[in-house]
Amino acid sequence: MPPSASLASPSPSAPSTRAPGPAELLDFVGRTAADGELIASLPLDPDDRTWVRLDGPGGSEAWLIGWPPGTGTGWHDHAGSVGAFFTARGALREHSLNARLPTEGWRSLELDEGLDRTRRLTAGRGRAFGRHHVHEVLNDSATAHAVSVHAYYPPLPHIRRFSRSGPLLRLEHVERPEDWR
């Protein structure tokens, strides 16, 4: 995702020689989402998602994201990075798969029944995830913007984008950081 600006995060973490894990990232995004001044500083577009890059803890990549009504990410993964996100304003819905996908050598997979998970994350709620997380995140409100904070470690080397039709998941393309600038 292209940064539209870069902001320093609130309450910067002390330098660490240890890579941040999901719990540390969840703590960071939760503290950052509680910074009302930072959340209010995000410019919101009525039609498209907006974002600014933040300084994350321990060399992580972090983003403040604005979600207009009806917008979402589509199905994707995080290329082996761990992560966390936290809703600061509004509500987001996450659809995820309780499955570990192969990292390469496939274009489509038929998913077994029972792999789908759904969470609704209202303001003040977040979640952390491990290296093999596949999901889509949506603001399914018809009227209200949502704002969230996301962090990933290591910084995203790429994102695999998928399409889904029933149980069929197809790898559509791979985005790299240079695509987000």
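The model is a predicted one, so let me start with confidence, given as pLDDT, which is the predictor's confidence in each residue. The chain has a mean pLDDT of 90, and 90% of its residues reach 70 or more. Residues 1-14 have a pLDDT below 50, and this stretch has 37 contacts in the model beyond near neighbours in sequence.

Next, the inside. The largest nonpolar core has 18 residues. Among those with the most contacts inside this core are Val-29, Ile-39, Leu-54 and Leu-64, together with Val-147, Val-149 and Ala-151.

Which residues is Ile-39 in contact with, leaving aside neighbours within four places in sequence? They are Thr-32, Ala-33, Leu-64, Ala-88, Arg-89, Val-147 and Val-149. There is also a second, separate core of 14 residues, including Trp-63, Phe-129, Val-137 and Tyr-152.

Now the backbone. On your screen, go to the loop between S11 and strand S12 (159-165), where Pro-154 lies. The peptide bond from Tyr-153 to Pro-154 is cis, and its omega is near -10°.

The other detail is Ala-79, in the loop between strand S4 (75-77) and S5. Its phi is near 55°, a positive value in a residue other than glycine.

Terms used: Residues are numbered from 1 along each chain as its sequence is written. This is a predicted model: local features need pLDDT of at least 70, side-chain atom pairs count only at pLDDT 80 or more; totals for chains, interfaces and linings use all residues. Side-chain values use heavy atoms; hydrogens and water are left out. A nonpolar core is a set of buried Ala, Val, Leu, Ile, Met, Phe, Trp, Tyr and Cys residues joined through side-chain atoms within 4.5 Å. Buried means under 20% relative accessible area, exposed over 50%, partly exposed in between (1.4 Å probe, protein chains only). Contact means heavy atoms within 4.5 Å. pLDDT is the predictor's confidence in each residue, from 0 to 100. Helices (H or I, at least four residues) and strands (E, at least two) are DSSP runs, numbered from the N terminus.
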